Amino acid sequence: MRIDELPKDPYKLFCDWLAEESGPACATLATVDADQFPSQRWIKLVKHDPQGLCFITARGSNKVKDLDHNPRASLLFSFLDNGKVITIKGRAEKVDNAEELAYLFRTAFSRQHQIGWLSSDKQSQPCSDELEAYNQKRLQIEKLYGGPDNDAEIEVPEFLCMYSIMPVQYQFMCIDLNTVFKSHNFLYKRQSSSGNLWTVSRLHP
């Protein structure tokens, strides 16, 4: 892979690599809390375009608390079957669009996943080891919505919100699984916060 063969816009390369995967677009989201400790967790990408990469979460979750304190975040996409890894750094912003949130809630998540969201209003909060209250609530919701012939539209939980991460840096690594010392490693950096001009450089393996 030669640097002059790469697209000028890293978003195109991101889409090309993402299209090679058959499963859902999931990533590890890294944030920093108020005590300056990093945290990581999986998120599902529900939407992406050149302006940002979006995910849905609960308003009271730790990731929201972290991003409200420090909007800088990174995403790690690992496509290890193909020996490819993408790291994206950027700034997170809350997306205040209830109509879009409702649409993505119903299209990006399976019905069972939507039911799971309804019982996750206390995400990241302490609970008893038995999870009795959570399990009872989930059973009630499954009875209401989970029947095989039940096609009633599932309500969008009021506690959900959506964030978009605007990339300022992409790093693409294509690894020879036999030896990492034969990897291809390219770094894109946005030249300005308002434009879509990027510089690209090759990094040593």
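Two strands are said to pair if DSSP finds at least two bridges between them. Strands here are DSSP runs of E, at least two residues long, numbered from the N terminus.

Colleagues, the model before us is predicted: local features need pLDDT of at least 70, side-chain atom pairs count only at pLDDT 80 or more, and totals for chains, interfaces and linings use all residues. Residues are numbered from 1 along each chain as its sequence is written, and side-chain values use heavy atoms, with hydrogens and water left out.

I begin with strand β4, residues 52-58. Over 6 bridges, β4 pairs in the antiparallel sense with strand β7, residues 160-174. Within this pairing, F55 stands opposite Y163 of β7. β4 also pairs with strand β3, residues 47-49, again in the antiparallel sense, over 3 bridges. There, H48 lies opposite L53 of β4, and a hairpin of 2 residues joins β3 to β4.

How many residues of β4 are buried? The count is 7 of 7, where buried means under 20% relative accessible area, exposed over 50%, and partly exposed in between, with a 1.4 Å probe and protein chains only. G52, C54, I56 and A58 point one way, L53, F55 and T57 the other, and all are buried.

I turn now to the cysteines. The structure holds 0 disulfides, a disulfide being a pair of cysteine sulfur atoms within 2.5 Å. As for accessibility, C26 is partly exposed at 36%, whereas C54 is buried at 6%.

Methods: Helix = DSSP H or I, 4+ residues; strand = E, 2+ residues; numbered from the N terminus.
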